[in-house]
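Have the sequence and the 3D view open side by side.

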Amino acid sequence: MKPIRTFSIVPALPEPLKPLWHLAHNLHWAWHHDTIELFRRLDADLWEETNHNPVLMLGAIGQGRLERLAHDEGFLAYMRRVAQNFDAYMKDTASTWFTQTYEKSESPVIAYFSAEFGLTECLSIFAGGLGILSGDHLKSASDLNLPLVGVGLLYQQGYFQQYLNQAGWQQEAYEDNDFDNLPLTLTSTPEGGPVIVSVQLPGRQVHAQVWRVQVGRVALYLLDTNIPQNRPDDRDITDQLYGGDQEMRIKQEILLGIGGYRALEALGIQPQVYHINEGHSAFLALERIRCLMEKHNLSFDQAREAASAGLVFTTHTPVPAGHDRFPSHMMDRYFTDYMRQLRLSRYEFLALGRENPNNDGEPFCMTILALRLAAFSNGVSKLHGKVSRQMWSDLWPGVPEEERPITHVTNGVHFLSWISRDMKQLYDRYLGPRWREEPADQAVWARAEHIAPEELWRTHERRRERLVSFARHRLRKQLARRGSSQREIESADEVLDPEALTIGFARRFATYKRATLIMRDPDRLARLLNDPDRPVQMIFAGKAHPHDNPGKALIQQIVNLARDERFRRRIVFLEDYDMSVARYLYQGVDVWLNTPRRPREASGTSGMKAAANGVLNLSILDGWWDEAYTPQVGWAIGRGEMYDDHGYQDYVEAEALYELLERDVVPTFYDRARSGLPRHWIEHMKACIASICHFFNTNRMVAEYTSRFYMPSAERYAALVAGDFTRAKALAAWKGHLQRGWSQIRIGEVTGDLPHEVKVGDGIEVQAEVHLGTLTPEDVCVELYLGEVDARGEIVEGQAAPMDVAACDPGGNCRFAVKDVLCHKSGLHGYTVRVLPRNVDLVTPFLPGYIIWAG
């Protein structure tokens, strides 16, 4: 039965408790333990029952309890202190990093678009690592006081809740989010109505209302199509994250990119810089171009130059199959009218999303669209940057791998969200308060060497004990839900040992992550785990995608092995992995295990969260660990090898894993001094904290995005649009001129003045004849490309040296020369000459298809 009218009921808080309402509606509480403790003091059991949701909690708590707290001087004093700290955080911004660094700059507004945001467990709009990273990005942007807003979708059901059946097979349950009992606010127009935006889908308009989540100083805007103005199937567009088929995916991505852009416009927010976090939101680039064309009477090319200047793109996927691609017929159905608005032919439009524009069978790729239109593109670790440059090589034919314009910004984590309260207090005592305020300062973390070994170890042991208690409690609930016998449920209290070496493995269950690699030899694993003098135990958690049956089979394999009597007390699988489960694991295990198939882990941030709690990593050299690893901070499985034969790879790396555990990890953990302390293990913990934490945090990451991308993009955008888009128009015209004349360029004779024997440190002189046709020397950059020659006769790790124009005739024939180019290494070297475009307003000279080599 549908109501004829709806209305919202809010908690009846006594006047002295009114600050609780404001504290609950800003997710600042999600990374401040004092505020969390305040809500726990209201009702600790209810805090857990509401999945750590203070808004729902305030509406569910008994009125009698509220009245008693309103007269509890101790509670009121604590609440006032928490509220004062919150007010100070929100208002006192003079000492924040952005204000201190860019106080004389015009503050750009940065819009950060992502399909998912993992901010806190009660707001289920994320699936895994991408969402958690997006949430941490917003939290650090708040801490640094960046003028940034987030944009995403508000999913009615979010990602699924996981449970296992009696056979150990993953099942999925979806539960509706109750938006009125979440820390959300519906945005409104000046007239008081909801802000509504619309996007065009085939034959209809789809409408979305806009919700706001306050994340400290940063606002996150979320679009929701579940409103009466839409037909039933369109109301479901924001139903599930990564749910449905390809048709649902394109509708969600149109809403996110185009609708999200329009939502900011409707709210009066005019960003200068847009950050496309993964390709899901890349349609926003087209909408920005369309709006500039419409508002300023620009051509597509002119608007593209202006729009691209303020676009930043981050790719997270090192596997070609993981990038969204839509078939041409689907793009025709959804974008035919949009193509006309952009004044593009079908060929021109689809070319924006294709590696080969002439291949009409190639689908439209969102990542390619973003790479073609963004001024700056990056991967999320050093190795992933390299993998991405290799993966997308066809976009820049002829450009050496290291020069393809995809760089990297290594991911980080938001420490205050992931470090245990016990460890925070320890850091406060030994590192001082600056580890919270300036976590990217290496000098602060170097003080970890002074932490008393006894305190560090006792702190960690308390966290392991709490993890074991939590795991037992959760296992009991899992077994009861499955209908297990009472005896089996009671046996959950016997699993795990609070003093044993504990290994954690928790992440998305995809086959390339190889969760069961350690189980390749069950007999050897049984001997390892059940050593009476040196016991080892493992806790697993993670979800497989609902359609990933091989991933589900890995979970089933672990659960079935855990039922084996040899492993019943030593291996546990915790269902429904979420942020709460993750924190217990990161903070309580001794070793964090990661076994991806290199190089398929783009970054991986779970190990960073563990390391911030003093947990040691045992991992394949992939993603972030390829950068972070040294023998002092953990263990590496292998040396970064890659194999064509995956079966052989699994065999070799499983053997290496067993060897490390048996000969190094386990003996080091159980090597105790008379005091009972594992001195060498503690030395590793302190080295891990001192060496890793200063770099692998999101404050460093967001500051790096700001200095390398956001601020340069804002400056470049402002320059191109100034004076009625004068420079954007000029750049578009110049590119048209370049396109017409580029095919006329010819590199003629190249001569080098080389001595008979070139010694290290000697300089060489080279001249090249180049026919430029209708182009001028000012339009191009002619370079000498010099480097070592490998066994295949290729120049490797070449270095470019610009050549100066020495002479030109009226026919466009020019001579370029360079002298005193130094040779820094011995061995076989070679050189060649190349021509690239040159314009002061280009971010990179490596425009797709515009490079000419001699020979």
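The torsion about the S-S bond of Cys808 and Cys814 comes out at about 110 degrees, so this disulfide is right-handed. The two sulfur atoms sit 1.9 Å apart, and a disulfide here means a pair of cysteine sulfur atoms within 2.5 Å. Searching the whole structure turns up 1 disulfide.

A word on ground rules: this is a predicted model, where local features need pLDDT of at least 70, side-chain atom pairs count only at pLDDT 80 or more, and totals for chains, interfaces and linings use all residues. Residues are numbered from 1 along each chain as its sequence is written, and side-chain values use heavy atoms, with hydrogens and water left out.

Buried means under 20% relative accessible area, exposed over 50%, and partly exposed in between, with a 1.4 Å probe and protein chains only.

| Cysteine | Relative accessible area | Class |
|---|---|---|
| Cys808 | 42% | partly exposed |
| Cys814 | 2% | buried |
| Cys688 | 0% | buried |
| Cys781 | 14% | buried |

On to the strands. Helices (H or I, at least four residues) and strands (E, at least two) are DSSP runs, numbered from the N terminus. Strand 19 (residues 616-620) has 5 of its 5 residues buried, so it is largely enclosed by the rest of the structure. Strand 19 pairs in the parallel sense with strand 18 (residues 591-594) over 4 bridges, and with strand 20 (residues 634-637), also parallel, over 4 bridges; pairing takes at least two DSSP bridges between the strands. Asn617 is the strand 19 bridge partner of Trp592, and Asn617 also stands opposite Gly634 in strand 20.

Finally, the second largest pocket has a volume of about 1300 Å³, which is the space filled by probe spheres set on grid points joined across faces, edges and corners. A pocket is an open set of points on a 1 Å grid over the protein atoms alone, where a 1.4 Å probe fits, with protein on both sides within 12 Å along at least five of seven lines; lining residues have an atom within 4 Å of a point. Its lining has 43 residues, with Arg304, Arg372, Lys735, Pro848 and Tyr850 nearest the centre. Helix 30 (698-741) gives the largest share of that lining, 8 residues.
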